[in-house]
Each structure stands twice: as C-alpha cells, then as structure tokens.
Amino acid sequence: MDYISTRGGMAPQSFCDILLGGLAPDGGLVVPERYPHIDAATLERWRTLSYPQLAFEIVSRFATDIPAEDVKRLVEAAYTEAQFGSADITPLTRLEDGLYLLELSNGPTLAFKDIAMQLLGQLFEYVLARRGERVNIVGATSGDTGSAAEYAMRGKRGVNVFMLSPHGRMSPFQRAQMFSLADANIHNLAVEGTFDDCQDIVKAINADAAFKAEYKIGAVNSINWGRVVAQVVYYFRAYLAAAPKIGDPVDFVVPSGNFGNICAGHIARQMGLPIGRLVVATNENDVLDEFFRTGNYRVRSSADTLATSSPSMDISKASNLERFVFDLIDRDSEELARLWQEVDRTGGFDLGKTPYFARMVGKFGFASGKSTHQDRIDTIRLAKSRWNRVIDPHTADGVKVALEQRREGVSMVTLETALPAKFETTIVEALGEKPQRPAKFADLEKQPQRFQVVGNDAAAVKKLVVETLAS
Ligand SMILES: *Cc1c(COP(=O)(O)O)cnc(C)c1O
C-alpha cells in the first residue's frame, strides 16, 4: 500500500516512510492510494475477534511494509487491559433502545486520543529502531493531545518529546497530568503566551528546514496518518457490536474539532463498513456544521474562535477536512490544491452550488449539528437523570445532536471522547457535584511537577531544545 499527497506533489511512499512526518512536502495531507475493501463475509468473521486481533486485521492492511508478526506484536503491546481498564478496550454501552455510547476514554489520560497515541508510540519506537534513527517531537497542546502524546511516548527509545503548553492556562488536572511525568525523555515547556502562540512557535520551528533536519524534529499532531488508521479500528468494532445483522446501517455522532476522529469514520465507510450516517457535532465554533449544512467552508481566525466549556473542540480550521474533500471531489488533486489556495487567499470556499454538495449527504452520508453551553449543561443533566450516567461536556455535545438526529429503526452510536473527571467545573455547574475520578488519579495534583517556563519566542524554544539534547 503506497501513500500519496492530496495535492498531487509527492512520489508514492510506504507507510513507514510517511509515519514520522507531518504534512506532505507539497503542503497536502498524506492518504493511501486506495482504500482496502472489506466484504460482508469478512465482517461476519471479524465479529468474534478481540480488539487487538481486529486492530491487526485493519492496521496490517495499511502498514504493508511492516511484517505481519511485528504488527501483531505492536497492537498487542498497545491495546492491553492494564492500559485501558478492560479487555474490550472500547466498550459499547447501551443507553436505551437504539442509542449507544462508544467508550473511547478509558485509557491512560482519559480522552479518546489515547487510542491512537498508544499505537503511535509503539509504531514510532519500532520504525526508529529499524532505521537506527531518533526523533524529537515538538508539539503544542491546550490540554488533551499533549498528555496523550506524553503518556504514549514516555520511556520510548529514540524518542524525545518537547510539549509546549500555555503557561497557567490549562486546568489543574490537565497540568498535573502532564507535569507529573518523571520520564527523562519527556520535556514540558510552559510558554508565556496562549495556545495559539504555542502553535505558532511549532510552525516556526517546522518552517526552519535546516533546524528541522539537524535536530530531527517530528510531529504527532492530528493529521498524522498513523493516528487516523488507529481510529478506524473502533468504528468497525462498534459497528459489529451495534448492528443487529451485518449490512444493517448504524449511524455515528462524533464530537468534532480537527475532523480527525470522524475522518476515520469516513475511511471505515469507504472501506465498505455499512455505516449509515456520519454526524458531525460541533460546539459554538461551528465551522464544520456550517460546511455540512450549506457547503460553505469559512475558517475563522483564532480571535474569532470562542473559548467554550468543550475546549478540545474550540477549533476553527479543521486540518483533516482536506482528506474528506479529496475523496468528495473524486481525488482530483489539481482541484483540491486550487480549493486550498482559495482558503489561503479568501478564508474559505463554497461548494454549495456545485454537484459535490448533494454528494456529501447522499453518497458520503454526512450530516451535522451543533450545541451550546446551555445544551451541554442540559444534556449532562438529562444523561444523569435518564440513564444514570455522567458524561463529559464534549460527549454531551454529541449526545445532544444524537437525540435530535436519531432515525427510527437505526442504531445510533455517540462517541465518548473524554471522561467527566477531566472537566470538573462544568460537571459541578450541571450536577452540583464533582465527577468520580479513576483511583489512579486520586492524588494527581499532589504529585511533584516538572516543567520549564519559556518566553513566547521560537528562538528561545529552539535554544532550550538544543541545550536539552546536549545535556
Ligand atoms: C481532540 C478532541 C475532540 C476533537 O476531535 P477531532 O479529532 O479534533 O475532531 C473532541 N473531544 C475531545 C475530548 C478531544 O480531546
């Protein structure tokens, strides 16, 4: 299986070639040349597989340059009961008839990003060892991505992580989660600025080709193809658990920001999984809802991106959307490049009056909805009273949209993207009491914390990276 760029400017490369990189050299996103097709008989056989066995079947179809026995070992190391709290890894919970919650947040940092990151940690270590290389990951986080990456990469040979976060702006829980890690290869840099400032510094470092090459700078952001592939697995697993029989449609609602999670659902559907609808749920930052309702894609500036009570979805430029649009326009890379030039020039593009618009819903099964702070509060209360279940604010955005868009006779699965323990303030506002916390995090805020404060300046961050690597 070879990989190409959505913008057409990259010679085909293998899975291991593209795994450690971010954007394709032409600024596009990396995609497989074609999607493997899974037929109904194979799906029937997959019904009885364990999570690691299913992950092996799917990942090995995309990572064809890794020997099968190695893929098997890596997925078994990534998906353990010890890390995810149950052998199921992603249990499907029935809320009521036809309505399900797919639990994706029982991993080490209590958000769905663990599922992809845990596999990425194994894959990175494997590929680096095979090639005798090292990588220094420089990333930015507002909370969830950084901790998922650090917990996945801690102690991995050949890997250093430098994670930039906005000094004093994360929740106490998120800060303690990251800063209490004592592993020698994990470096927390608290930047005197905002999350956008952190991201700008990462961009500036990546734009310095000489520095990037000399210090082997790598990325694990949400466009990383390995992360997307890992996420495809749980759509298959949830479908197999929720479909009355193979072939029946199952709808999914996905609380979305960067479009990474739901992009994996799109790929599962393209592989032949009988998903009915893929419903994008946004918060007040509703760029994606607007796109799927009208065909008009209008990115917003960071100044126009609201800070909400589902903060991991406060994104107004959905980086993975390019992968979906590539398929939508029949993989025409010239047209794709033109659309993204239009984004750079005018802040967006409008497919509303093109034939593509009808296909988003028809052929590709997309729908969307949005949710506000009040909706989140109401939905957290409703979930508690109706199902005796405490859900986090992001999952509440999803459940709100699921209740609006469920269809008679079709199972509807909402993806649970975080546990409520990560977002105590909003849970207290809704329910008047703190959410339960998994025992392993009971004294989290009391652990010693390790981080370095650094000025809001790419040069200062580079200097720190260089000094750390030399010491
Ligand atoms: C990252 C994240 C999201 C958004 O996922 P995307 O893949 O960026 O669309 C939603 N909820 C939580 C809790 C997250 O951490």
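Student: Which residues does Ala-152 touch, not counting those up to four places away in sequence?
Tutor: First, this is a predicted model, where local features need pLDDT of at least 70, side-chain atom pairs count only at pLDDT 80 or more, and totals for chains, interfaces and linings use all residues. Residues are numbered from 1 along each chain as its sequence is written, and side-chain values use heavy atoms, with hydrogens and water left out. Contact here means heavy atoms within 4.5 Å. On that basis, Ala-152 touches Met-117, Gln-118 and Gly-121.

Student: Is Ala-152 buried or exposed?
Tutor: Ala-152 sits in helix H7, residues 144-153 (helices are DSSP runs of H or I, at least four residues, numbered from the N terminus). Buried means under 20% relative accessible area, exposed over 50%, partly exposed in between, with a 1.4 Å probe and protein chains only. Ala-152 has 1% relative accessibility, so the label is buried.

Student: How far apart are the end C-alpha atoms of helix H11?
Tutor: Helix H11 covers residues 225-242, which is 18 residues. The expected span is 1.5 Å times one less than the number of residues, so H11 should span 26 Å, and that agrees with its end C-alpha atoms being apart by 27 Å.

Student: How many of the 18 residues of H11 are buried?
Tutor: H11 is mostly covered. The count of buried residues is 17.

Conventions: Helices (H or I, at least four residues) and strands (E, at least two) are DSSP runs, numbered from the N terminus.
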